[in-house]
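Here is a protein model to look over together. Take a moment with the sequence and the fold, and then we can walk through some of its parts.

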Amino acid sequence: MTGKATTHPNPLGRGGFVAHAYPEKQVNLGEITMNYAEAGSPDKPALLLIPEQTGSWWSYEPAIELLTEDFHVFAIDLRGQGRSTWTPKRYSLDNFGNDLVRFISLVIRRPVIVSGNSSGGVLAAWLSAYSLPGQIRGALCEDAPFFASELVPAFGHNIRQGAGPFFELLSKHLGDQWSVGDWAAFCAAAEASSSKLAGFFPASAEPPQNFKEYDPEWARAFFEGTAGLNSPHDRMLAQVKTPVLITHHNRAVDPETGDFVGSLSDEQAQKAQDIMATAGAKVDYESRPEAHHMMHQFDPALYVKLLTEWSSALPAE
């Protein structure tokens, strides 16, 4: 993955993909082709899974096996990730969200429960706020960085006081569409960085598979604040129309740098709940400080338990 890369409008033209436990499908949504996996019986409630930044649908593989007992599961790759189309200069919450609205309309074709992790959790709330009437039954926001992934948030710390330095390293050393592609320099910079998040990333001779399937322009869009420029979280959350469950995982303040380590602070989690509740939404909250950011991957049994118990109380389709 070194040297100058080209853009890849065909998501299947990049090569280097690997096989997974569930077959993959593609659907043309107009601007992009979206890649996804489908599992479970159509007579079960529909469930849409949205992965974290740098993730592909298959981060949910450990959970999907457990979920198919109760759900008809659709797990997707967002634009710029996995096998879905890379779209230079077109990475924004609104574009990600509208891709999902089209996917629900064309593929799922019935009301759906949506669960997203990290930035995918922000998109779960976006769908509750802005999708077509009747599309969303409820939204699980798994450790979603409300406010904390914005450059100028209404509450609490911003992206550059949290995950931003890590995203900056991805952008600088890998480049949009891997146009720089200096993996060794990225690993060295991550190891030397004062950012605790960057320090969590182990150096390796080759990029992990999920990074190979990821357009690093995502990282730049979040670090520079363009990803959410036209979708401020306080305004979005005030439009939420369905029941919501927020799960809130490991978090702390680095005593040496003062940087926040985690997805969102307790203050930001409370503000998100308050705004949605004021808008009339039913909001549930699970504090799980012992949990990994990607609970669905590292503790799938707990993730499935929380999702299943919460969703069982949702209004019927």
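## A glutamate in a loop

Where does Glu150 lie? You'll find Glu150 in the loop between strand E6 (136-142) and helix H4 (164-174). Those labels come from DSSP runs numbered from the N terminus, with helices (H or I) of at least four residues and strands (E) of at least two. Before going on, note that this is a predicted model, where local features need pLDDT of at least 70, side-chain atom pairs count only at pLDDT 80 or more, and totals for chains, interfaces and linings use all residues. Residues are numbered from 1 along each chain as its sequence is written, and side-chain values use heavy atoms, leaving out hydrogens and water.

Glu150 is buried yet has no salt bridge. Buried means under 20% relative accessible area, exposed means over 50%, and partly exposed is in between (1.4 Å probe, protein chains only). A salt bridge puts a side-chain nitrogen of Lys or Arg within 4 Å of a carboxyl oxygen of Asp or Glu. For Glu150, the nearest side chain of opposite charge is Arg235, 9.6 Å away; here Lys and Arg count as positive, Asp and Glu as negative, and His and the chain ends are not counted. Leaving aside neighbours within four places in sequence, Glu150 is in contact (heavy atoms within 4.5 Å) with Asn158, Ile159, Ser231, Pro232 and His233.

## The sheet

Now for the sheet: it is open, has eight strands and runs in the order E1-E2-E4-E3-E5-E6-E7-E10, with mixed pairing. Two strands pair if DSSP finds at least two bridges between them. Strand E1 (24-28) and strand E10 (283-287) stand at the edges with a single partner strand each, so one side of each has no neighbour in the sheet. From one strand to the next, the twist averages 20°.

Glu24 stands opposite Ala37 in E2.

## Two helices

Helix H2 (residues 93-108) lies across several strands, including E1, E2 and E6, and runs at about 145° to E3. Angles run from 0 to 180 degrees between N-to-C directions, and axes are lines fitted to C-alpha atoms, for helices over the stretch in contact. Helix H3 (residues 119-130) also packs on the sheet, touching E3, E5, E6 and strand E7 (244-248).

How do the two helices meet? H2 and H3 pack at about 65°, their axes 10 Å apart. Among the residues making the contact are Leu93, Phe96 and Leu100 of H2, with Val122 and Trp126 of H3.

## Salt bridges

Side chains of opposite charge can pair when their charged atoms come close. How many salt bridges does a search of the whole structure find? It finds 14. One of them joins Glu31 and Arg79, with the closest N and O atoms 2.8 Å apart. Glu31 is in the loop between E1 and E2 and Arg79 in the loop between E4 and H2, so the pair ties together parts 48 residues apart in sequence. Glu31 is partly exposed at 37% relative accessible area, while Arg79 is buried at 1%.

Asp176 and Arg220 form a salt bridge too, at 2.7 Å between the closest N and O atoms. Asp176 sits in the loop between H4 and helix H5 (183-192), and Arg220 in helix H8 (residues 217-223), 44 residues apart.
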